[in-house]
Amino acid sequence: MNGYDALIFRIAAMTITFFISACDDEPDDGSGVPSNPSQPGQRDLAQADQIANAASGNSVAPRSSNTTTAQGNGDLGVLGGDANQNQQAFREKYGLTDPTQDQLSQWNEYDARLTAYSDKDPDWLYPTSASANWMGTTWTNGDPLAVEGTTVSVDFSRIPRGSLIYIPALNMYAEANDTGATGIWANSDAGQMDYDSNGAGRVDVYNLAGDRTSRQVEQDFQNEVGSNEYGQIYIVHRGPGWKTGGN
Amino acid sequence: MLAHRVGLFAFLWASIRTAAIGQPADSWDAVGDLVRQAAPKATAEYCGALAYRSIDYYLFVLEQNELSGVVLIRQQAGSEPIIIDADTSFFPFKKDQEPALDEPVIDGVEILLRRRNLAKRIGIPRDTSTRFPEVSLVGDAIDRVVFPISGFRLESDATGEILQRLRTGPATEVEPRTAPPGSIIVSPTHFSRSGPVYLGHAGIVGENGSIYSADARLDGALVGNMSIASWLKRFSGNNGCYAFVLHAPLEAGAQRF
């Protein structure tokens with residue numbers, strides 16, 4: 001092999017090596033975590049700040065849109081179990097109907113974040129910390145049950161215990177008779193709309209998991225509410241007085 | 001060349017159907033079943049069908065909350081229908097690669113989409129647009145914000161192509177969970193031949209962990225109503241999440257190392 005041939009051979013070998021290494025990336029696990037993350041430069045980050053500001057300036061405010069607060073279709077099947085029947089019975093018992101625009105304008109509207117919890121959650125506590133539910137059902141030890149289709153868990157410092165609320169994204173009336181990880185919520189959602197000055201905090205909707213895992217329940221719920229996760233809720237009555245017709 | 005195009009369009013118009021008239025009922029049922037099973041949470045809008053070389057192609061637009069996209073189904077006589085493409089917008093070509101479909105089929109799909117958009121009076125083509133007839137405006141909403149600042153355009157509303165453009169373009173990939181404000185986040189559409197279809201999405205990371213993205217229910221307007229946490233929760237399982245910071249344009253005489 002003369003010098004020229006050797007050079008050609010080395011170039012060819014380097015090219016092959018390059019292609020092999022280029023094709024030898026670690027498999028993409030779909031998590032989106034780059035296999036070889038690099039740091040953007042300061043000028044890139046400064047430009048990114050400009051882009052973030054422009055995005056905010058060019059965006060449509062969700063509250064100004066009728067669509068983002070559009071009523072759900074009233075099918076609560078995603079909550080599992082007898083959610084639809086329970087919601088129906090709840091409405092019949094308390095004379096609740098799909099709200100009119102007049103009713104909505106009379107109720108107090110708050111920013112909220114809709115999330116899901118279920119009896120399959122790893123941190124699910126038995127018995128629950130829910131206060132007496134509208135059905136009057138209890139565990140044998142006397143603790144009240146969460147009811148799929150009507151029970152939501154809220155931050156009691158934002159929504160009084162036992163309040164009646166209406167969730168447009170699900171077209172669902174709910175009883176705020178359970179409490180969640182309120183300290184963690186307030187911390188992790190600080191700066192988000194559900195903890196702003198008009199925020200009602202998170203509204204954690206109870207699901208009966210059935211055959212689903214905790215994660216599947218959350219995924220199903222997320223698919224159902226979509227961007228309405230950040231939306232509005234109405235407090236129809238503050239506190240438990242609506243059950244007895246008083247305050 | 002013009003005569004060729006005119007002839008091709010005439011052929012396609014003759015081949016295109018807006019209803020499943022003339023289709024064997026079980027064939028149409030199978031296509032409908034496939035769409036329903038592939039995306040049970042989405043609303044499917046039938047946009048028409050075309051035939052090419054004895055193979056039928058059915059086009060649907062899917063809408064699911066803020067997401068929208070297209071699904072193209074191929075039905076060959078004697079076999080089960082299969083999904084051959086699905087994304088937030090039609091994306092038949094990959095740069096420097098062979099098209100995934102024959103050109104007459106691609107032209108036919110374009111006609112179907114243009115006719116659908118015309119009927120709905122949406123997606124009026126812009127003079128400078130080289131995009132396929134719009135179904136979703138995920139890329140357009142980002143370009144409108146990003147281009148005046150960075151000079152970079154995605155030039156696509158299909159999440160698969162957007163991801164490809166960012167990976168090969170002037171951008172640094174970053175960890176989505178900690179993506180800085182101003183990053184572009186994309187979750188590509190995923191599908192398999194017999195379903196399911198998981199529509200993807202793309203947006204801009206804002207301050208305080210919010211994300212701004214096109215909302216199909218608002219004619220593609222940019223809306224800030226998701227957080228990074230909810231995005232990851234929603235898309236990381238089936239679609240994957242990827243984030244990129246665009247490179248700032250170099251000043252004259254400067255070099256990027």
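Author: In strand β2 of chain A (residues 151–154), A:Thr151 and A:Ser153 point one way, whereas A:Val152 and A:Val154 point the other way. All are buried, that is, under 20% relative accessible area, with over 50% counted as exposed and values in between as partly exposed (1.4 Å probe, protein chains only). This is a predicted model, in which local features need pLDDT of at least 70, side-chain atom pairs count only at pLDDT 80 or more, and totals for chains, interfaces and linings use all residues. Residues are numbered from 1 along each chain as its sequence is written, chains are lettered from A and ligands numbered from 1 in the order in which they are written, and side-chain values use heavy atoms, without hydrogens and water.

Strands here are DSSP runs (E, at least two residues; helices are H or I, at least four), numbered from the N terminus, and two of them pair if DSSP finds at least two bridges between them. β2(A) runs parallel to strand β4 of chain A (residues 172–179), to which three bridges join it. Within β4(A), A:Thr179 is the bridge partner of A:Val154. With strand β5 of chain A (residues 199–207), β2(A) pairs in the antiparallel sense, again over three bridges. There A:Val205 in β5(A) stands opposite A:Val152.

In α6(B), six of the eight residues are buried, namely B:Ile228, B:Ser230, B:Trp231, B:Leu232, B:Arg234 and B:Phe235.
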